[in-house]
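Subject: The structure for you to look at

Hi there,

Here is the structure I promised to send over. Have a look at it first, and then read on for what I found.

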Amino acid sequence: MKRFLTVLFIILSFVPAVSAQGKSETVHTQEIFAMDTYMSVKCYGKEAEEACMAAEREIQRLDSLLSTGKEDSEVSKINRTGSAVLSGDLKTLMEMSLEVWEKTSGAFDVTVYPLVELWGFSSKEFRVPGKEEIKETLKITGSDKLSYDRESGKLVLGDSQKLDFGGIAKGYTSMKLKEVFSSFDIDGAIVSLGGNVQTYGAKPDGSPWRCGIQDPFSSSGQSVIAAIEADNLAVITSGSYERFFTGEDGKTYHHIIDPSTGYPAESDLVSVTIISKNGAEADALSTACFVMGMEKAVKLWQDSGRKYEMILITKDGTLHITGGLKDSFQTNSKFEIIY
Ligand code: AMP
Ligand code: MG
């Protein structure tokens, strides 16, 4: 059956779609496993297949550069040696990460990796560390303890520090895929990087792209709590339901760490979605806002000139959406608009 569905899926992926304008479209879909996540890329247009292949190559290239799990990745090398002269992608990522670190008062911090390791999220050998271990680890984390020179790209990590771009990598990847798509003759594309969506160009039938927001309260992980129309935008979500384990004490512990306490972040939020033209910033901000909680997330949005849109889901199940989404948003749940 599975084989049949796979074959059917492949066949359907190649069937030309007919647009509302009557134009025949080629559709190609590529399923990829990278960055510890199931991803899919779907392109429409003359060079749909070539664009999908190039997108996969770009995803694998960034994975080999950024993965903390691959010994020969550039990030792993830096984590071993403690210093490097950054160029290209890593330079951009480091600078963006430090900017978000600063404006979120440290809620987003790429030096959090020793804590991620301590809780077992890197090895998947989960455990609840002791208070003393957390206290000791907090002594080495903090972007204030590294030195970075923008001019030369020279990075020197503090003693025993390690980097993790896991909170920004998928958004950055979706941003880079836009560049890849622009060099092919395609009409549109939609990319899902583990639920983080990027849309590009036009949908063949001329209607807006629609993205589902995962229901954080659904145990299957399959249901959608809301949908938004998002053309040429990144729709990036951070949630406590995405990666977690249950400790021997029966409590659940998730993967987004509050850099100020060393524990999984505890706030009034269960999920944060950021909708922005800038995928990397949306990704870093979704992680940071999850740590900061509703009030500080809203304040940050206001202070940043309402440059992006947000869907914040609080523990009581209410959706809080920013004003710019009100005409492109559908839900059956209770929601409030933030201005
Ligand atoms: P996201 O799913 O984008 O919220 O990113 C979560 C991932 O980012 C985690 O699996 C960690 O690898 C890393 N991470 C956890 N907490 C933080 C934090 N406070 N700042 C930056 N990265 C983090
Ligand atoms: Mg993130």
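G167 is buried in this predicted model, its relative accessible area being 18%, which falls below the 20% limit. This glycine is also one of the protein donors of the magnesium ion (ligand 2), through its O atom. Written along the chain, the donors give the spacing G-x115-D-x3-T. G167 sits in the loop between β7 (154–156) and α7 (169–182), while D283 belongs to helix α8 (residues 279–292), so this pair ties together parts that are 116 residues apart in sequence. D283 is buried too, at 6% relative accessibility.

Next, the nonpolar interior. In soluble globular proteins, nonpolar side chains tend to be buried together. Here the largest nonpolar core holds 71 residues, and M94, L163, F165 and F181 have the most contacts inside it. Both domain 1 (27–66 + 170–338) and domain 2 (74–156) contribute residues, so this core lies between them. Another core, of 21 residues, lies apart from it and includes I190, A226, I228 and I311.

Most residues other than glycine have a negative phi. D36, however, has a positive phi, near 65°, and is found in the loop between β3 (27–34) and β4 (37–44). R306 also has a positive phi, near 50°, and its place is the loop between α9 (294–303) and β16 (309–314). Both count as partly exposed, D36 at 37% relative accessibility and R306 at 41%.

Finally, the overall picture. The protein has nine helices and 19 strands, and its C-alpha trace spans about 65 × 45 × 45 Å along the principal axes. A compact globule of 339 residues would have a radius of gyration near 20 Å, and the protein agrees with that at 20 Å. Of its residues, 53% count as buried. Among contacts with a separation of 6 or more, 57% are between residues 24 or more positions apart. The exposed surface comes to about 16,100 Å², with carbon and sulfur atoms supplying 52% of it.

Technical notes:
Residues numbered from 1 in each chain as written. Chains lettered and ligands numbered in written order. Predicted model: local features only at pLDDT ≥ 70, side-chain atom pairs only at ≥ 80, totals over all residues. Heavy atoms only, no water. Donors = N, O, S within 2.8 Å, 3.2 Å for Na, K, Ca; no water. Helix = DSSP H or I, 4+ residues; strand = E, 2+ residues; numbered from the N terminus. Buried < 20%, exposed > 50% of the residue type's maximum accessible area, 1.4 Å probe, protein only. Core = buried A, V, L, I, M, F, W, Y, C linked by side-chain atoms within 4.5 Å. Domains from an automatic or database assignment. Rg over C-alpha atoms; globule rule 2.2 N^0.38 Å. Contact = heavy atoms within 4.5 Å. Areas by Shrake-Rupley, 256 points an atom, 1.4 Å probe, with all protein chains shown as cover.
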